[in-house]
Amino acid sequence: MTGLEQLKETLVRTVTADDLIKALLCEVGAETISKDPERIHEAFYMLRQDYPKLLSDFHFDTSGLSAFSDLLDRVLFRLETSSVLGTVNPRFSVYELRASMKDELKRTVLPKFSPDTRKVLQEVSHKLEELVKD
């Protein structure tokens with residue numbers, strides 16, 4: 001196996017923080033969620049309390065007015081710049097979660113997770129949706 005093939009295989013098997021957020025977003029039923037950073041970070045901070053193992057990579061600074069995660073902020077930025085998260089509304093106040101994008105993520109990202117983890121992801125995703133709904 002060549003080095004490039006090994007790298008591709010590793011990328012297929014490795015679950016990153018980006019993959020986790022994508023998996024959660026593709027299970028959100030709504031077509032939009034709030035883009036308010038404070039709401040999003042607070043939502044993930046609260047979810048981390050209930051799902052510490054799943055969200056263990058996300059560390060939050062709670063010394064300010066609201067919880068903030070550098071990693072979550074970087075992931076959201078990458079998802080915006082790669083057009084996974086869209087902001088087509090005039091005020092840029094919500095993220096658009098297109099059905100075609102969700103379908104693509106379900107096809108490409110969800111297979112990285114075990115069936116048991118996928119059930120947990122659905123549960124967390126529904127809670128996330130309630131916390132950040134538009």
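A: A definition comes before the count: a cavity is a set of grid points where a 1.4 Å probe fits but cannot get out. Keep in mind that the model is predicted.

Q: Fine. How many cavities of 30 Å³ or more does the structure hold?

A: One cavity reaches that cut-off of 30 Å³ or more. The largest cavity has a volume of about 50 Å³.

Q: Which residues line the largest cavity?

A: The lining consists of I21, L25, I33, I40, F44, L76, L85, Y95 and L128. Two elements, α2 and α3 (37-50), each give two or more residues to the lining of the largest cavity.

Q: And what is that lining by class?

A: Nine residues of the lining are nonpolar, with no polar and no charged ones.

Q: OK, on to packing. At what angle do α2 and α4 cross?

A: Helix α4 covers residues 70-81, and its axis crosses that of α2 at roughly 70°, the two coming within 10 Å. Because of that angle, α2 counts as roughly perpendicular to α4. The crossing of α2 past α4 is right-handed.

Q: Which residues meet there?

A: From α2, the contact has A17, D18, I21, K22 and L25; from α4, it has L71, L72, V75, R78 and L79. By class, that contact of α2 with α4 has seven nonpolar, no polar and three charged residues.

Q: What about α2 against α6, what angle and what axis distance?

A: Helix α6 spans residues 115-132 and packs on α2 at an angle of about 70°, with the axes 8 Å apart. α2 and α6 are therefore roughly perpendicular to each other.

Q: Who makes the contact?

A: α2 supplies L20, A23 and L24, while α6 supplies L121, V124, S125 and L128. Six residues of this contact of α2 with α6 are nonpolar, one is polar and none is charged.

Q: Last one, α5. How is α2 set against α5: perpendicular or oblique?

A: Helix α2 (residues 17-26) and helix α5 (residues 99-108) pack at about 130°, with their axes 9 Å apart. That angle is why α2 is oblique to α5. α2 passes α5 in a left-handed crossing.

Q: Which side chains are involved, and what classes?

A: K22, L25 and C26 of α2 meet K102, L105 and K106 of α5. The contact of α2 with α5 divides into three nonpolar, no polar and three charged residues. K22 and L25 also belong to the contact with α4.

Notes: Residues numbered from 1 in each chain as written. Predicted model: local features only at pLDDT ≥ 70, side-chain atom pairs only at ≥ 80, totals over all residues. Heavy atoms only, no water. Axes fitted to C-alpha atoms, helices over the stretch in contact; angles between N-to-C directions. Helix = DSSP H or I, 4+ residues; strand = E, 2+ residues; numbered from the N terminus. Parallel < 35°, antiparallel > 145°, perpendicular 65-115°, else oblique. Left-handed = near helix turned anticlockwise from the far one by under 90°. Contact = heavy atoms within 4.5 Å. Nonpolar A, V, L, I, M, F, W, Y, C, P; charged D, E, K, R; others polar. 1 Å grid on protein atoms, 1.4 Å probe; cavity = no way out; pocket = protein on both sides within 12 Å on 5 of 7 lines; lining within 4 Å. Points joined across faces, edges and corners; volume = space filled by probe spheres on them.
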